[in-house]
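User: I would like to learn how to read the features of a two-chain model with care. Could we begin with the sheet and then move on to the helices and the contact between chains?
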Amino acid sequence: MTKKMTSKFVLQNIYKRFGDKSVLEGVDLNVFTGESLVIIGGSGTGKSVLLKCLLGLIPVDRGSIEMDGQEITQETLLQHEERLQDIGVMFQGSALFDSLKVWENVAFRLINAQHMDRKRAKEIALQKLAAVGLTEKVGELSPAEISGGMQRRVALARAIATQPHVLFFDEPTSGLDPIFSSVINELIRNCVKELGATAITITHDMSSARRIGDRIAMLYGGKIIWCGKADDIDTCDNSYVQQFIHGQAKGPIQLETDARHVA
Amino acid sequence: MVWALSSIGRVFIEFLASTGRLTLFLANSLVQGLQPPYYFRQMLRQFWEIGYLSLPVVGLTAFFTGMVLALQSYTGFSRFNAEGAIASVVALSMTRELGPVLAGLMISGRIGGAMAAEIGTMRVTEQLDALITLSTNPQKYLIAPRLLAGVTMLPLLVLIADVIGIFGGYIVSVYRLGFNPAIYTKQTFDFIQMGDVTSGLIKAAFFGFIITSMGCYHGFNSKGGAQGVGRATTYAVVSSSILILVANYFLTALLF
């Protein structure tokens, strides 16, 4: 029996430049509902920019992005706010709010956007913290009092707190040691599976990409130069992909020598 | 010549563009702030930060300014045998001018800089982006409560500064210069009118708006990491201090 694949996101010919620096130069990509897609690429290739374009945080210069068949590049502020209600995001540096306790960070959307009673929101937040392996005691601390690895877990708990159908992960394991990275990868994998969500992850950590992704796409030179099943990446004949996944200094990928760096 | 004119034109156009961006930012923040939901916890936090936590610095500034004012006035007025005017000079100076301006400048350094640094750090650490993805408008959640707290707390702080400043003048006049306490108090209240106090409070509300809007605007638009946040903090304090002094002249002329 074959499962019919419907598209969650369809990106066509996306262009984005900052001043005279062109970052995205005709990105085409299809993300299917319920799949976990990982976008890999070197530092400064525009992965985070692409993710922010999908989230509507940065406007695209040209091209079309459809989510559930609806064009989102021209959406109004209200439409944007409504769309984001079903999306959870885990940011690269966790982006936790320093002025709030850990549990208040996790319950932020429940309290401030869904106007849930604080007591009930706290119960849910503590459940989500438990799901990522953090105790009730951690919930009462401020983000500055916990380690970087714990902050990532809190950020993950915040992303899944409202059980969204779309999840974005921006470099979820950067700066973490291999053991913590493995724990975070496992948590992401489990959360995406349990929610049945569509997940888009950007990373340059190949072990993360292999563990998290059903499919992997590689961004280079402002375009998606390869996209395929995660299992096929080691055997593909794309020389750019092979150079990247094996971390070879020599190959077709030109190292960025421009002083300006795109996130 | 052409180069000089084009430079002037470029600066002028950039000034107009910046003014336009600031106006749009503030208009959007005010419109967002007027629409529900209202973030009462955020408002209370800002009332506490701007109002209560600024009391020591404003109180000390006003107290010593009132004392210096009494001493300096005595030096000048004693030459014309006009010592009796010291009480009214201290009261009028504090309520009409020194209370709002000094409190405004002190709060600009304490609050304007802190606001720019906090919001700027949120910008460079993607916390503002996180707010948007958590279905919360940053201008409604962060900016509107600060603007409201600035406009309402500054007049209250200035009212307290007026009282403390006049009291400082009283202390020096009575215990250092040997004035009669009852006569000094009577002279203070005989000459001061309600309009003197309210003109100072109106100024304070404007200054509160200037301080919070500069702090929020520069913080919200900061970029480039720690250096960018530092630059935003400097811009916030310098621009609000200058605008307070400029606005003070126009408001004084208007309320004269």
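This is a predicted model: local features need pLDDT of at least 70, side-chain atom pairs count only at pLDDT 80 or more; totals for chains, interfaces and linings use all residues.

User: In which order do the four strands of the open sheet in chain A lie?

Analyst: The order is β2-β1-β4-β5, with antiparallel pairing, and the sheet is open. Because β2 (21-32) and β5 (70-71) of chain A stand at the edges with a single partner strand each, one side of each is left without a neighbour in the sheet.

User: How many bridges join β1 to β4 in chain A, and which residue stands opposite A:Val10?

Analyst: Strand β1 (residues 7-18) of chain A is joined to β4(A) by five bridges, and the two run antiparallel; opposite A:Val10 one finds A:Glu66 of β4(A). That residue, A:Glu66, also has a bridge partner in β5(A), namely A:Glu71. Strand β4 (residues 62-67) of chain A pairs with β5(A) over two bridges, again in the antiparallel sense, and A:Met67 stands opposite A:Gln70 there. These two strands make a hairpin with two residues between them, and A:Asp68 in the turn has a positive phi of about 55 degrees.

User: Is A:Asp214 buried, exposed or partly exposed?

Analyst: Burial is a count of other C-beta atoms, placed from the backbone, within 10 Å of a residue's own: 20 or more is buried, 12 or fewer is exposed, and in between is partly exposed. A:Asp214 has 15 of them and is therefore partly exposed; its place is the loop between α9 (206-212) and β9 (215-220) of chain A. Contacts are judged by C-beta atoms, placed from the backbone, within 7 Å, and, leaving aside residues up to four places away in sequence, A:Asp214 touches A:Glu35, A:Ser36, A:Leu37 and A:Ala230.

User: What does the secondary structure of chain B come to, and where is the kink in α4(B) centred?

Analyst: Chain B comes to nine helices and zero strands, and buried residues make up 45% of its 256 residues. A bend is the angle between axes fitted to the seven residues ending at a residue and the seven starting there; in helix α4 (residues 86-124) of chain B there is a kink of about 55 degrees, centred on B:Met94. After α4(B) comes B:Glu126, whose phi is positive, near 65 degrees.

User: At what angle do the axes of α4(B) and α6(B) cross?

Analyst: Axes are lines fitted to C-alpha atoms, for helices over the stretch in contact, with angles from 0 to 180 degrees between N-to-C directions. The axes of α4(B) and helix α6 (residues 138-175) of chain B come within 7 Å and cross at roughly 145 degrees.

User: How many residues does each chain bring to the contact?

Analyst: Chain A brings 16 residues and chain B brings 11. On the side of chain A that touches chain B, α2 (77-84), β6 (87-90) and α4 (108-112) of chain A each supply at least two residues, and α4(A) gives the most, with three.

Key. Residues are numbered from 1 along each chain as its sequence is written. Chains are lettered from A and ligands numbered from 1 in the order in which they are written. Two strands pair if DSSP finds at least two bridges between them. Two residues are in contact if their C-beta atoms, placed from the backbone, lie within 7 Å.
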